[in-house]
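I opened my notebook to look up a few things in this model. My entries follow.

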Amino acid sequence: MSPSLPHPLLSHTERFARLTERLAEWQDLWRPLPFQHRRPPWGEAWPGLETALLRLSDASAARLQDTPFRESPLADWLPVAELARLVDLPELAGDACELPVAWAAHVGGRKWSQIEAFLPRVGASPDERLVEWCAGKGHLSRALAQRLDAEVTALEWQATLCREGQRLADRQGATVHMAEQDVLAPGAGRWLSSDTRVAALHACGDLHGRLIELAAEHGSSVTLAPCCYQRTTDAHYRPLSRQGRELAAASGLILTREDLAMAVQETVTAPRHVRRRREQANAWRLGFDLLQREVRGIDAYLPVPSLAYGRLPDSFAEFCHWAAERKGLGLPAGIDWPAFESAGERRRVEVTRMELVRHLFRRPLEVWLVLDRTLRLEEAGFSVELGTFCERELTPRNLLLRACRPCAREA
Ligand SMILES: C[S@@+](CC[C@H](N)C(=O)[O-])C[C@H]1O[C@@H](n2cnc3c(N)ncnc32)[C@H](O)[C@@H]1O
């Protein structure tokens, strides 16, 4: 292992290179979904790790889910300390601001808190024209326009959101122009120029990918909190940066859309009853998995469609009949439902523990993906700052990339 430097001294390139190595080196452990395997494919090669995970109490497992890098017993096998250092990014500086309560009208509480944290870190200079990318109803745009006393163009493809957003902006006297625009359409670049700053809060996969490409092409500054990397048309990830393509190819790090989903799997802690319901659904799915393996005589996972929240049947047997019907599987008479139900619950407990390996690599993968975007812009001559804009309790997607157009600093 190379000597470790405190995080502020690591360049983006160096951090990215080390993360590529670690992700590639450990991909056989973090890639498999424990849910789909009776025993993780790595279990045989790493029996000590498997046993240590199985021995964890419920409380320890829950704590490690929440704080995977703190006092982890997995450190005897996995590079916990190094990963912790590599994901340790600074909080981006920004003038703290308390926005007038009236501006928060019609915005959800959590979204408003995110806007309050994002806005002071946008980093717009007075000579920049402001554009919001994939704006929804333009909540961020309204706050930006009023805070900076500036005009903001908000791009959104849904006509109803544009109409509603324009109405809200007009009512607040905010100088926002909601523009109906598909940002993936060929003409979307017309909104960007070298004196534009584009702000994007939680723009998904291809939507923020397009922003980065257009910003690089037009020399626009960007303030971006990316989200949902897996929302992309490519089945396999194509790194945006040259360094990403070279390092991924050299190290054999090939990411599928399913791998990208892992980067955003962490959710803000749900209320207790929602969590309990989710646990029950998982236990039933795992119980059905054991049952279908036996009925089909094939020891392989069979994906079952998801159910909207609140649509879970009342009993395990009903759930299995529903799942079997969806998969065109006939169930024999005389199934010992309580036995399969408890076996499913036992597997849920095991899967929760095996998942902790993936948890450990979740944030490293997310940071790697944001660094790939960072390097794409640095390679195009931008100067880029990367850090967090809020606590992860407010949103786990709390990484922010702030890129200044080439030569903007000298201009
Ligand atoms: C995840 S929301 C983010 C909205 C807002 N930035 C926020 O933080 O609340 C994504 C928004 O992008 C819009 N969107 C999706 N695809 C788009 C496209 N191709 N062009 C423009 N907007 C799009 C959606 O309609 C939605 O309003």
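**Domain and sheet**

I began with the record: UniProt, in an unreviewed entry, places the feature "domain: Methyltransferase" at residues 115-231. UniProt positions follow the numbering used here, feature names are shortened, and annotations may be inferred rather than shown by experiment. I noted that this is a predicted model, where local features need pLDDT of at least 70, side-chain atom pairs count only at pLDDT 80 or more, and totals for chains, interfaces and linings use all residues. Residues are numbered from 1 along each chain as its sequence is written, and side-chain values use heavy atoms, with hydrogens and water left out.

Residues 115-231 are 36% helix and 26% strand. Their end C-alpha atoms sit 23 Å apart. Helices (H or I, at least four residues) and strands (E, at least two) are DSSP runs, numbered from the N terminus.

Next I traced an open sheet of 7 strands, with mixed pairing and the order β3-β2-β1-β4-β5-β7-β6. Two strands pair if DSSP finds at least two bridges between them. β3 (176-180) and β6 (383-388) are at the edges with a single partner strand each, so one side of each has no neighbour in the sheet. Neighbouring strands of this sheet are turned by 15 degrees against each other on average, direction ignored. The axes are lines fitted to C-alpha atoms.

I then checked one pair. β1 (residues 129-132) runs parallel to β4 (residues 196-204), over 4 bridges. L130 has R197 in β4 as its bridge partner.

**Ligand**

Which residues are the closest to the ligand? I listed K111, E156, D182, V183 and L201, from 15 residues that surround the ligand. Near means that a heavy atom of the residue lies within 4 Å. This shell divides into 7 nonpolar, 4 polar and 4 charged residues.

I looked up the polar contacts (pairs of N or O atoms within 3.5 Å). A side-chain N or O atom of K111 is 2.7 Å from a ligand oxygen. For V183, a backbone N or O atom lies 2.9 Å from a ligand nitrogen. A polar backbone atom of L201 is also 2.9 Å from a nitrogen atom of the ligand. Taken alone, the ligand exposes 600 Å², and the protein buries 79% of that. These areas come from the Shrake-Rupley method with a 1.4 Å probe.

H106 is not a glycine, yet has a positive phi of about 70 degrees. H106 lies in the loop between α5 (80-86) and α6 (109-118). C228 has a positive phi too, near 40 degrees. I found C228 in the loop between β5 (221-227) and α10 (242-251).

Conventions
Polar contact = N/O pair within 3.5 Å; in protein donor to acceptor, adjacent residues only side chain to side chain. Nonpolar A, V, L, I, M, F, W, Y, C, P; charged D, E, K, R; others polar. Axes fitted to C-alpha atoms, helices over the stretch in contact; angles between N-to-C directions.
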